[in-house]
Amino acid sequence: MARTITLAGQDILRLGLGTYNFGIQARKADSEIALLHRALDLGVALIDTATMYDNEAFLGQALRGMRQRVFLVSKVLPSQASFNGVIRACERSLRDLKTDHLDLYMLHWASSYPLEQTVAALKALKAQGKILSYGLSNIDVPEIKALGTEVSDLTALEVLYNPSARGIEYDMLPFAHERQIAVIAYSPLDSGSASLLHHPTIERIARRHQLSTAQILIAFSLRDDSLISIPKASSLPHLADNIKALDVVLDDEDKQLLDSAFPPATHKVPLKLGW
């Protein structure tokens with residue numbers, strides 16, 4: 001299994017760090033900054049944020065002086081997804097994040113504005129050098145295909161993916177493979193849901209390999225070389241545990257157990273959202 005992937009001309013680990021809820025509670029600021037710095041020290045480059053998370057200013061301060069080590073991802077709100085709205089939102093994110101460019105900028109989820117208009121703004125930002133690449137989050141394959149050649153340089157799709165949300169295996173992963181588009185899996189642990197972390201099948205596989213259930217779930221979300229996983233981490237040991245999942249290979253018995261407990265889709269199903 002490949003440990004790295006090339007995005008926007010950069011080779012990065014296929015494990016990133018989600019930052020939802022980072023920078024919200026002042027009492028956690030020091031530990032969150034320490035965790036971000038440790039992630040970079042361990043080679044984790046992709047840091048995922050969004051306008052919705054309301055933490056870009058916090059990240060801008062936390063990552064000051066480290067920008068060259070970060071593959072920085074942010075996302076524009078659907079309410080800001082008009083052509084001019086995307087431009088303004090990106091410029092605000094750049095100011096808050098204290099950078100002159102984003103490595104990847106995405107529409108967070110479908111909006112009332114035509115997707116063609118949003119993509120045109122993303123392309124304009126790329127042409128201006130304010131973003132190095134663009135992507136779409138929580139947008140399904142039919143909508144992307146409807147754009148035709150307008151998304152010929154689409155870099156990444158970000159979607160929910162874990163054993164309880166396998167619909168992307170039916171159409172999105174083959175679509176992405178064919179076009180060499182990366183797929184970023186968010187909530188690989190189902191947002192820490194006890195239903196997955198303590199699922200009997202996940203626990204059985206974890207015991208087989210003497211690993212944590214979190215590592216098994218992250219390994220699942222990395223099972224295809226076009227996938228990147230962006231779990232959160234709540235502590236330095238948790239972060240180290242997550243990174244070890246890059247070297248976990250699920251064998252045929254594991255896959256059979258997973259397929260039995262979480263049957264893969266045999267037909268097109270609507271894209272599942274993580275909220």
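**Salt bridges and cores: a quick chat**

Author: Let's start with a pair: Lys75 and Asp48 form a salt bridge, with their closest N and O atoms 2.8 Å apart. Keep in mind that this is a predicted model.

Reader: Okay, where do Lys75 and Asp48 lie?

Author: Lys75 is in strand E5 and Asp48 is in strand E4 (residues 46-48), so the pair ties together parts that are 27 residues apart in sequence.

Reader: And is Lys75 buried or exposed?

Author: Buried, because its relative accessible area is 0%. Asp48 counts as buried too, at 1% relative accessibility.

Reader: How many salt bridges does the structure hold?

Author: It holds 17. One of them joins the side chains of Asp41 and Arg69, at 2.7 Å from N to O. Asp41 sits in helix H1 (residues 29-41) and Arg69 in the loop between helix H2 (56-62) and strand E5 (71-76), so this pair ties together parts that are 28 residues apart in sequence.

Reader: Switching topic, what about the largest nonpolar core?

Author: That core has 80 residues, and Leu36, Tyr105 and Leu136 have the most contacts inside it. Another core lies apart from it, with 17 residues, including Leu7 and Phe71.

Reader: Last one: where's Lys98, and what does it touch?

Author: Lys98 is in the loop between helix H3 (83-97) and strand E6 (104-107). Leaving out residues up to four places away in sequence, Lys98 touches Ala57, Gly60, Gln61 and Arg64. Lys98 counts as partly exposed, at 41% relative accessibility.

Conventions. Residues are numbered from 1 along each chain as its sequence is written. This is a predicted model: local features need pLDDT of at least 70, side-chain atom pairs count only at pLDDT 80 or more; totals for chains, interfaces and linings use all residues. Side-chain values use heavy atoms; hydrogens and water are left out. A nonpolar core is a set of buried Ala, Val, Leu, Ile, Met, Phe, Trp, Tyr and Cys residues joined through side-chain atoms within 4.5 Å. Buried means under 20% relative accessible area, exposed over 50%, partly exposed in between (1.4 Å probe, protein chains only). Helices (H or I, at least four residues) and strands (E, at least two) are DSSP runs, numbered from the N terminus. Contact means heavy atoms within 4.5 Å. A salt bridge is a side-chain nitrogen of Lys or Arg within 4 Å of a carboxyl oxygen of Asp or Glu.
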